[in-house]
Amino acid sequence: MYPLLRLVVYWLILPTFGISQESDLRQISLPFQEDARIKKAIQIRQSQRSETFRQIRQSYTLDEAANEILKLPAKDLIEKLQLRSLNATQVLQAYMAKAITVQDKFNCITEFVPFALERAQNLDKLNAVRGPLHGIPVCVKDDHDVIVDTTMGLGKNLNMPASSNSVLTQTLFDLGAVIFCKTNIPQTVFRYSSDNPIYGETLHYRNEKLAPGGSSSGTASLLAGGGAVFATGTDVAGSVRIPSHFSKLCTIKPTQKRLSDKGIKQTIPKLIGVIRVEITVKIWLLYVSIILPCNR
């Protein structure tokens, strides 16, 4: 009722100041039109997301072979992918099946990267492994550009896909990783909660009555729930450290500017402080031995 009341008040008082009702009411109505457009875009995205997730449930199942892959420690998984006793497609399919079950419980994924399967299949066609992360399934936080929408939980950013990958995600691609999904965040990322009006609220992987903390909330729940091996996040005041602590994960906060933040969105670009890119892993060896030397 408040927006309608505001329109009525403007309509009554504008003539008093000699202002044209018709022209100014058009200006006044613009925010309401934009609000309606954003709400419609959110509804469409939620419907599309539900359908995509339905298709993934049908396409990927947690069979015995998938569960055997999921049981492998990260070190053994890397070794088998490097020796090609497992291929990238098999591993991706196993983690896609696991990730959708984790998503259904905790609402941690914003969207699956549509070209991930093609990426894995192309890796399998190579005569040699692509790099030290060849075939490793990786999830990235919503604020990382991966040639899909980077929303920051804001409806106005829907249907505006990035034109290129962030430096960090491109580095992961160059190392052979398969980035297969983006993870949920609180709106604008400047909160320790875990909800936004597009994708809803992310729940803690061990207690669905609690949130995992934020702002890297989806990353924490997916990784802790076994839906990915390796993940990225951003942190100014604990956005990776807090959910990692709540989810019994290991996270590494590198020295300022050690990892590039180019292509990682910020809602307040001139905020005092530094956006620091962090890596959240189950084994820190991946970061120390592979990512640091390659991210130039």
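Reply: Helices (H or I, at least four residues) and strands (E, at least two) are DSSP runs, numbered from the N terminus. By that rule, the chain has 10 helices and 8 strands. The model is predicted: local features need pLDDT of at least 70 and side-chain atom pairs count only at pLDDT 80 or more, whereas totals for chains, interfaces and linings use all residues. Residues are numbered from 1 along each chain as its sequence is written, and side-chain values use heavy atoms, with hydrogens and water left out.

Me: What percentage of the 296 residues in the chain do buried residues make up?

Reply: Buried means under 20% relative accessible area, exposed over 50%, and partly exposed in between (1.4 Å probe, protein chains only). Of the 296 residues in the chain, 49% are buried. Accessible areas come from the Shrake-Rupley method with a 1.4 Å probe; for residues, only the protein chains shown count as cover. The accessible surface of the chain is about 14600 Å², and carbon and sulfur atoms account for 56% of this area.

Me: How many salt bridges does a search of the whole structure find?

Reply: Side chains of opposite charge can pair when their charged atoms come close. A salt bridge is a side-chain nitrogen of Lys or Arg within 4 Å of a carboxyl oxygen of Asp or Glu. The search of the whole structure finds 10 of them. One of these joins Arg45 and Asp149, whose closest N and O atoms are 2.7 Å apart. Arg45 lies in helix α2 (residues 21–59) and Asp149 in the loop between β2 and α7, so the pair ties together parts that are 104 residues apart in sequence. Arg45 and Asp149 are both buried.

Me: Which side chain meets that of Asp145 in a salt bridge?

Reply: The partner is Lys265, at 2.6 Å from N to O. Since Asp145 lies in the loop between β2 and α7 and Lys265 in the loop between β7 (250–252) and β8 (276–281), the pair ties together parts that are 120 residues apart in sequence. Asp145 is buried, at 7% relative accessibility, while Lys265 is partly exposed at 35%. Another salt bridge links the side chains of Asp235 and Arg241 (2.8 Å, N to O). Here Asp235 is buried at 1% relative accessibility, and Arg241 is partly exposed at 35%.

Me: Which two residues does a cis peptide bond join?

Reply: The cis bond joins Gly214 and Ser215, with omega about 10°. Ser215 belongs to the loop between β5 (200–201) and α8 (217–224).

Me: Is Val240 buried or exposed?

Reply: Val240 is buried, at 1% relative accessibility. Val240 lies in the loop between β6 (230–235) and α9 (241–246). The C-alpha atoms of Val240 and Thr219 are separated by 8.7 Å, the two residues being 21 residues apart along the chain.
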